[in-house]
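The sequence and structure come next.

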Amino acid sequence: MTHDTLAPYPSPEAADAEIDALIRHAPQLCRLEVIGTSTNGRPIRALRIAAPNAGGRRPSLLVTAHIHAVEYIGSYVARAVARRLVAGFDSAAHVTALLERADVWMVPLLNPDGATRVWQSRGWTRLGSSRFTANGVDPNRNFPFVATDGRRGWNTGRDKPGSPYYRGPLPLSEPECLALARLCRRQRFCAAVNFHSFGGVVFIPEVQGADSARAKSILAAFEGPFQSHQTFLRYRPVHERAATIVGQLDSFLLYGLGIPSVTVEVSRPGRHLLLPWNTFKVFWWANPSNPQRWADNDAEATVHVLGELLERSGGEPCQPALPELADQFA
């Protein structure tokens with residue numbers, strides 16, 4: 001790693017090329033779908049991984065990453081999960097069992113405009129710009145929500161343009177968020193995992209509604225089972241209050257569509273931040289200098305937890321607590 005590049009991270013185009021290479025390597029397992037386009041016309045790509053000849057309506061699980069412009073490590077880990085699923089089919093019993101029963105959908109680059117902006121600036125970016133879409137909106141505050149009584153947190157969505165947590169003029173104003181929302185409503189995922197950075201924690205949304213016991217049981221897969229497969233750092237589960245997470249993807253999926261969903265904050269800041277050219281560079285706060293170490297820590301744990309989520313959910317989403325959230329978009 002040198003101070004004038006973002007190595008060892010690939011550019012957004014090179015990351016897409018890794019997915020394309022995986023599809024060419026295992027076309028019997030992988031299928032690519034463009035689920036929408038960004039504000040600047042870039043494709044939003046979803047990779048479906050399933051056993052050969054899988055047909056009919058099957059359970060589906062979702063993995064997303066890189067919703068915030070600067071968070072390259074999340075996409076790095078998501079691609080590692082995809083490679084492990086492909087490599088493990090017919091060679092690892094837990095992977096084969098998972099893919100024979102369910103489809104795993106990966107959206108490894110949710111904010112292609114933001115990722116490109118960060119890449120072109122060589123990682124020099126302000127806090128807000130490190131998160132935003134091309135429209136200056138935090139995409140992880142742009143999802144439909146119903147305001148909930150209670151104390152809000154520092155990271156609750158804001159109505160003021162320019163805030164790092166600006167939720168936008170309307171829910172789903174951002175085409176990236178709308179494309180994902182439509183995919184989730186169509187596929188009725190039984191659970192979702194969303195990679196962010198950093199902090200080494202798993203954020204678990206507060207459960208509400210008539211199906212709360214079942215949702216809690218599914219989400220409890222991230223309070224031990226997930227961590228048991230992490231190799232050197234076991235992430236701490238953190239429960240978030242409903243009043244704190246308005247407009248975020250986890251709360252929209254859980255409350256609006258009944259999809260138990262968590263945010264995995266990959267990695268912790270390392271010694272590379274002591275280098276003078278990294279200290280004030282937001283990119284290196286969000287992304288470790290040794291991403292493969294964190295892929296090794298998290299990718300296999302994610303593969304195992306996807307199987308656990310499938311078992312706990314029975315392949316079906318929960319009853320949504322606020323189904324009206326899913327009526328806000330066509």
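## Second largest cavity

The second largest cavity holds about 60 Å³ of space. The model is a predicted one. Lining this second largest cavity are Pro144, Phe145, Val146, Thr148, Ala242, Ile245, Val246, Ser251, Phe252, Tyr255, Leu322 and Leu325.

By class, ten residues of this lining are nonpolar and two are polar. None is charged.

## Largest cavity

Three cavities of 30 Å³ or more turn up in a search of the whole structure. The largest has a volume of about 70 Å³. Two elements each give two or more residues to its lining: helix 1 (12–25) and helix 2 (72–88). Helix 2 gives the most, with four residues.

The lining of the largest cavity consists of Tyr9, Pro10, Ser11, Pro12, Ala15, His66, Tyr72, Ser75, Tyr76, Arg79 and Leu109. Seven of the lining residues are nonpolar, three are polar and one is charged.

## Arg48

Arg48 sits in strand 2, which spans residues 43–49. Is Arg48 buried or exposed? Its relative accessibility is 14%. The cut-off for buried is under 20%, so Arg48 counts as buried.

The side chain of Arg48 makes a polar contact of 3.1 Å with the side chain of Asp103. Leaving aside residues up to four places away in sequence, Arg48 touches Leu29, Cys30, Arg31, Ala54, Asp103, Val104 and Trp105.

Definitions and conventions
Residues are numbered from 1 along each chain as its sequence is written. This is a predicted model: local features need pLDDT of at least 70, side-chain atom pairs count only at pLDDT 80 or more; totals for chains, interfaces and linings use all residues. Side-chain values use heavy atoms; hydrogens and water are left out. Buried means under 20% relative accessible area, exposed over 50%, partly exposed in between (1.4 Å probe, protein chains only). A polar contact is a pair of N or O atoms within 3.5 Å; within protein, one must be able to donate a hydrogen and the other to accept it, and residues adjacent in sequence count only if both atoms are side-chain atoms. Contact means heavy atoms within 4.5 Å. On a 1 Å grid over the protein atoms alone, a cavity is a set of points where a 1.4 Å probe fits but cannot get out, and a pocket is an open set with protein on both sides within 12 Å along at least five of seven lines; lining residues have an atom within 4 Å of a point. Grid points are joined across faces, edges and corners, and a volume is the space filled by probe spheres set on the points. Ala, Val, Leu, Ile, Met, Phe, Trp, Tyr, Cys and Pro count as nonpolar, Asp, Glu, Lys and Arg as charged, and the others, Gly among them, as polar.
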